[in-house]
Amino acid sequence: MMKQIFIHATIITMVEGQQPFSGALGIENDRITYVGPVPTAKELDAYDQVIDCQGKAILPGFVNTHGHAAMSLLRGYADDLPLKKWLEEKIWPLEAKFTSEQVRAGTALSVLEMIQSGTTCFLDMYDHMDQVGQVVTEAGIRARLCRGAIGFGSEELRQSKLNEAAQFAKDWHGAADGRITTMMAPHSPYTCSPEYIRQFIEKAAELGLPIHTHMSETAAEVQQNVDEYGVRPVEHLRRLGFFDLPSLVAHAVHLTDEEIDILAEYDVKVAHNPGSNLKLGSGIAPIPKMLKKGLRPALATDGAASNNNLDMLEEIQLAALIHKGVNQDPEAVPAYVALSMGTLYGAEALFLDKEIGSLEVGKKADFITIDLSGAHMCPLHDVVSHLVYSASRGDIQDVYVDGKAIMRNRECLTLDEEKIRYDAIKAFEAIQ
């Protein structure tokens, strides 16, 4: 029974209504056991390890709610193109050459980058997902994993993908000491027929798992849905029963007010991908409208091929800034809300908020420390403001998941960085 306490830190719990304070965080094994003022010297004697965090903030780790980790191998391979052309002419042809070797190498590269930038939990939607599960297990990070399925090809191929997705979801749910949970994930309404999506819904219901998909990322995609099915994607998915399950949609850029009402009615979770949506020219999701309707949109990087990094702090900053600009409203997404989108709302979007997303007694000990001593963080008028508008990923010092340090003083303890970079380069060269 390992008892640790981190003292003299600026504690940012992300519990609504709680202000940052100078104090301590106590953990025992994988759980938080204390959040409050620094205990007395005598009380500290009860801990096996006392870590002084003077000059640091402690907050929940970032939760990246949508991505494709293996796509880090394609970072910078095809830029400055619209989504349809980018996918069909550049990305999909190269991805078709991916084997388990490419998926493992790309995933390891992404997980390393995510740990270094303070992410403690991420969602991944891809192929060869056993490789992703293995990397997550070794890295010590937390993940919600799903075998994404594009519904092109023969009926035999589609059923093979569905069966593989369901088997993966069963085999890996609860793996890695509970750090891995799973979902079902048809790729999107524009790549999957209504019947195929229904089959995924039925399988998710059978397994008792949430369901995830891409939705309304581009205006062209929405129009295609209208042309093919007579309705926009939100109503399309509603009629199929998608929202009857715990559901998460990625992007949700092109929405009407009525569609936002439907998402709010069904408590659909939204993964907002500001960097990827900007880079692909897809648009800017109506986040302030969602917030006003009671939705709590989370944040995500998407894959590194369309971002081109996996830096959640950057997404938090973008979310706080771009909505102010396009709405000409400096109060559109306040700093605390943006930070919540990257932490607590992310945990909610992955249906893991009973375990992670805030620093509370009984929750998992998933947290990060951020150095507050840099010139760009001084004077420290408002720590949340500084984290959102001033900090960078280089300020992130330590990363803990399940109470175990997976990065300490900027050094990743669970992965071999040099080998991962080498393997990633070799894996990409093998498909050239």
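## Aromatic cluster

Rings of Phe, Tyr and Trp (its six-membered ring) pair if their centres lie within 6.5 Å, with planes under 30 degrees apart counted as stacked, over 60 as edge-to-face and the rest as tilted. This is a predicted model, where local features need pLDDT of at least 70, side-chain atom pairs count only at pLDDT 80 or more, and totals for chains, interfaces and linings use all residues. Residues are numbered from 1 along each chain as its sequence is written, and side-chain values use heavy atoms, leaving out hydrogens and water.

By the ring rule there are 10 aromatic pairs. One of them joins F6 and F367 edge-to-face, at 5.1 Å centre to centre and 75° between the planes. F6 sits in strand β1 (residues 3-11) and F367 in strand β15 (residues 367-371), 361 residues apart; strands are DSSP runs of E, at least two residues, numbered from the N terminus.

F6 also pairs with Y400: their ring centres are 5.2 Å apart and the planes stand at 80°, so this pair is edge-to-face too. Y400 belongs to strand β16 (residues 396-401), so the pair with F6 ties together parts 394 residues apart in sequence. Together, F6, F367 and Y400 make one aromatic cluster.

## Burial

How buried is F6? Its relative accessible area is 1%, and that of F367 is 0%. Both F6 and Y400 are buried, meaning under 20% relative accessible area with a 1.4 Å probe, protein chains only.

## A charge over a ring

Elsewhere, the charged end of K3 sits over the ring of Y47, 5.2 Å from its centre. The rule asks for NZ of Lys or CZ of Arg within 6 Å of the ring centre and within 35 degrees of the ring normal.

Notes. Helix = DSSP H or I, 4+ residues; strand = E, 2+ residues; numbered from the N terminus. Buried < 20%, exposed > 50% of the residue type's maximum accessible area, 1.4 Å probe, protein only.
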